[in-house]
Amino acid sequence: KKFTKPGVTLSRTLSLIDECSVEKQTIGSVSETATKSIQTDLESVYGYKTQYSQTDRDLFPDEELELLVQENAIFVQNYTSDPNNSDFVDMCPSPQMAPLTPFFFDFNLKIRTKYQNPITFRVQNEIKIGAHEPMRYKYKLYPNDEVENSSLNHYVFCQLKEDRLVGSFICVPPIEGRYYLKIYAKPERFMADKQNDSSSLHSAVTFLLECTRARKYIEPFPLNELPWGPTQAFYDYKMKLHNQIGPIISTWGGKRRLCLESNEPMLITYQVMDSDGMEMDAKNLILRDDVDNKINFTISFPRVGMFKFMIFGMPKPKQKGKWRLPLLATFLIDCKLAKVVTPDDDPPPERVSNTDLSEHNTKIKRK
């Protein structure tokens, strides 16, 4: 069942050969029974017999590896072009596959968007990667003619969707051209111990993007190392969001309210940063009000722009001391309109009631 999708033929062929129970008689040769079983399995998957039945990938010469990739790529192209296989075409990746690393299959990831190489789009494009469990993602966006770097990371918006099982990457390049989007991933269950070397993320897939038209006036997103929205710690503490769906909080000059609920008293602090990564004074921008186990934030920004709102917290400890609060959630505040208060040199006259006029007239008559 693992190999029902022909596409990444080299990796899956080698994995299939490795997983088959093969008895090596001598180095560089295999028994006839093992060769027949491998050829039968490959024939059932790919529809043709392969002449390569070595079990150790180190025994493959470079020329044979190249021929194997070309031969399997031709097969996938012929298979997907066959009208009898139209129901299976959408599930098959393109013969020009994105570079997938072995970690992509180790973490049981899947490309959820229609794939082509390069991925051509106008203005912006969303790439989705599915998983069987919540994943930690990082990414790098850079031009295809440059060395790998993270210079354009603030033009990518990453969040988790569908019960945190789908990673969404929205790319909005600043200018037309070709870019590489390199994605790193690892399951959240392996990220608990940050001091361990196993907490580092692994490269999973790289996409080639081609933007044919870019937006003229674009404001970059604030930089964020983790996917936007609640983090794994938020769900570990069994917290809930009441009046917010998604990590983007849009305001139109008025006030917005964000409500969090916890099962126990929490030690909470927050921080606000602008799109340039500069910390802002959050006292006049966000007001906090605690009612029982509910934490209410009233958001009001005086100017237009995008801001990063980070919430840190943990259950209140019983002992006094210095505690490092983990990140609970990160929200993008998109202020589309701001109320501008202009001082008026000639204020309007005060409204005078009829009773005041009558009293004023009586006073004049008496005088």
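Student: Is Glu-162 buried, partly exposed or exposed?

Tutor: This is a predicted model, and every value in it is computed. Glu-162 has a relative accessible area of 44%, so it is partly exposed.

Student: With which residue does Glu-162 form a salt bridge?

Tutor: The partner is Arg-112, and the closest N and O atoms are 3.4 Å apart. Arg-112 sits in the loop between β1 and β2 (119-122), whereas Glu-162 sits in the loop between β5 and β6, so the pair ties together parts 50 residues apart in sequence. Arg-112 is partly exposed as well, with a relative accessible area of 41%.

Student: How many salt bridges does the model contain?

Tutor: The count comes to nine. One of them joins the side chains of Arg-189 and Glu-133, at 2.7 Å from N to O. Arg-189 belongs to the loop between β7 (177-187) and β8 (202-213), and Glu-133 to the loop between β3 and β4 (135-143), so this pair ties together parts that are 56 residues apart in sequence. Arg-189 counts as exposed, at 53% relative accessibility, while Glu-133 is partly exposed, with a relative accessible area of 21%.

Student: Which residue forms a salt bridge with Glu-188, and how far apart are the closest N and O atoms?

Tutor: Glu-188 forms a salt bridge with Arg-136, and the closest N and O atoms are 2.9 Å apart. Glu-188 lies in the loop between β7 and β8 and Arg-136 in strand β4, so parts 52 residues apart in sequence are tied together. Both Glu-188 and Arg-136 are buried. Salt bridges may also form a network, as they do among Lys-140, Glu-148 and Lys-182.

Student: How many bridges join β3 to β6?

Tutor: Six bridges join strand β3 (residues 125-130) to strand β6 (residues 166-171), and the two run antiparallel. Within this pairing, Glu-126 has Ile-170 in β6 as its bridge partner.

Student: Which residue takes a positive phi in the hairpin of β15 and β16?

Tutor: Asp-292 does, with a phi near 55 degrees, in a hairpin that has two residues between the strands. Strand β15 (residues 286-291) and strand β16 (residues 294-299) are antiparallel and pair over six bridges. Asp-289 has Asn-296 in β16 as its bridge partner.

Student: What should be read from a pair of aromatic rings?

Tutor: The reading rests on the distance between ring centres and the angle between planes, with an angle over 60 degrees counted as edge-to-face. The structure holds 12 aromatic pairs. Among them, Phe-234 and Tyr-235 are edge-to-face, at 5.5 Å centre to centre and 75 degrees between the planes. Phe-234 counts as buried, at 2% relative accessibility, whereas Tyr-235 is partly exposed, with a relative accessible area of 39%. Phe-297 and Phe-309 also form an edge-to-face pair, with 5.5 Å between centres and 75 degrees between the planes. That pair links distant parts of the chain, with Phe-297 in strand β16 and Phe-309 in strand β17 (residues 305-315), 12 residues apart. Phe-297 is buried, with a relative accessible area of 0%, and Phe-309 counts as buried at 0% relative accessibility.

Student: What do the totals for the protein show?

Tutor: The protein has seven helices and 18 strands. Of its 367 residues, 40% are buried. The protein exposes about 22800 Å², of which carbon and sulfur atoms supply 50%.

Note on methods
Residues are numbered from 1 along each chain as its sequence is written. This is a predicted model: local features need pLDDT of at least 70, side-chain atom pairs count only at pLDDT 80 or more; totals for chains, interfaces and linings use all residues. Side-chain values use heavy atoms; hydrogens and water are left out. Two strands pair if DSSP finds at least two bridges between them. Helices (H or I, at least four residues) and strands (E, at least two) are DSSP runs, numbered from the N terminus. Buried means under 20% relative accessible area, exposed over 50%, partly exposed in between (1.4 Å probe, protein chains only). Accessible areas come from the Shrake-Rupley method with a 1.4 Å probe; for residues, only the protein chains shown count as cover. A salt bridge is a side-chain nitrogen of Lys or Arg within 4 Å of a carboxyl oxygen of Asp or Glu. Rings of Phe, Tyr and Trp (its six-membered ring) pair if their centres lie within 6.5 Å; planes under 30 degrees apart count as stacked, over 60 as edge-to-face and the rest as tilted.
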